[in-house]
Amino acid sequence: MDGFEMKNMMAKAGLTRRNLVTGAAAFTLLAMLPLSVAQAANNEIAQKIADHFSSVKTMQGEFVQFGPRGEQTAGKFFLERPGKVRFNYEKPSPMRVIADGKSVVIGNSKLKTWDIYPLSKTPLALLLDERIDLKGKMVRDVKEEADLITIKLGDRSIFADSTITMMFDPKSYDLRQWTITDNQGKDTSVMIFNTQTGITFDKAVFRIPYDEVHNMGGNGR
């Protein structure tokens with residue numbers, strides 16, 4: 001086929017160099033749109049679920065925790081916004097975890113040790129915030145499945161590579177489980193059940209025994 005015939009075919013098909021360039025540009029634009037639209041939709045879904053969860057000001061229930069080495073422990077938890085949570089582990093576990101709105105402490109009654117962390121520097125702060133505001137690049141991923149909606153959150157400027165992944169019921173938007181992945185890529189998952197909301201807690205529930213923490217040489221992070 002010579003050049004003349006090729007030009008004739010392009011003319012019959014309505015194709016010109018300008019059409020081709022314009023078409024290529026349009027195709028590139030269309031290829032970019034689904035990602036941004038999907039991201040916006042994901043953020044909208046995530047924020048809707050987060051708003052529902054944020055409306056739960058107090059909660060208590062039972063939990064099962066799965067550690068990074070496959071260890072499994074259970075107990076009861078108590079949550080109050082903003083920033084307060086307590087995990088009472090069943091025996092023989094010696095562990096206690098308490099957040100009072102400012103700090104998070106992890107106590108080991110067997111070893112008589114405490115570790116203390118600023119709450120604001122842990123992904124747990126996202127879970128316990130007054131309102132979970134999913135702005136900026138905090139939403140890492142959203143997955144919708146028939147029986148679960150999974151939202152992965154992280155803020156590299158605050159938590160470095162640590163993330164928290166929350167799993168919700170797709171119909172009620174109730175929280176079912178969360179997984180904290182630390183900077184080393186190790187996962188700790190907490191599954192909750194038999195939950196109750198609208199509970200009034202005594203202030204002592206979330207009180208950290210700072211004297212005991214400091215007397216035992218609590219390790220600050």
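**Aromatic pairs and a few neighbours**

At 1% relative accessibility, Phe77 counts as buried, a label for residues under 20% relative accessible area, with over 50% being exposed and anything in between partly exposed (1.4 Å probe, protein chains only). The model is predicted, so local features need pLDDT of at least 70 and side-chain atom pairs count only at pLDDT 80 or more, while totals for chains, interfaces and linings use all residues. Residues are numbered from 1 along each chain as its sequence is written, and side-chain values use heavy atoms, with hydrogens and water left out.

Now to the rings. A pair of aromatic rings is described by how far apart the centres are and by the angle of the planes. Rings of Phe, Tyr and Trp (its six-membered ring) pair up if their centres lie within 6.5 Å; planes under 30 degrees apart are called stacked, over 60 edge-to-face, and the rest tilted. Searching the whole structure turns up seven aromatic pairs. One of them joins Phe63 and Tyr89, an edge-to-face pair with 5.2 Å centre to centre and 85° between the planes. Phe63 sits in strand 1 (residues 58–66) and Tyr89 in strand 3 (residues 84–89), so this pair ties together parts that are 26 residues apart in sequence. Strands here are DSSP runs of E, at least two residues, numbered from the N terminus. Both Phe63 and Tyr89 are buried.

Phe77 has a ring partner too: its ring and that of Phe87 have centres 6.5 Å apart and planes at 35°, so the pair is tilted. With Phe77 in strand 2 (residues 72–80) and Phe87 in strand 3, the pair links distant parts of the chain, 10 residues apart. Phe87 is buried as well, at a relative accessible area of 5%. Taken together, ring pairs link Phe63, Phe77, Phe87, Tyr89 and Trp178 into a cluster.

Strand 10 (residues 175–181) is where Gln177 is found. Gln177 counts as buried, with 16% relative accessibility. Setting aside neighbours within four places in sequence, Gln177 is in contact (heavy atoms within 4.5 Å) with Thr165, Met166, Met167, Ser189, Val190 and Met191.

Ser93, in the loop between strand 3 and strand 4 (95–100), is buried, with a relative accessible area of 18%.

Conventions. Helices (H or I, at least four residues) and strands (E, at least two) are DSSP runs, numbered from the N terminus.
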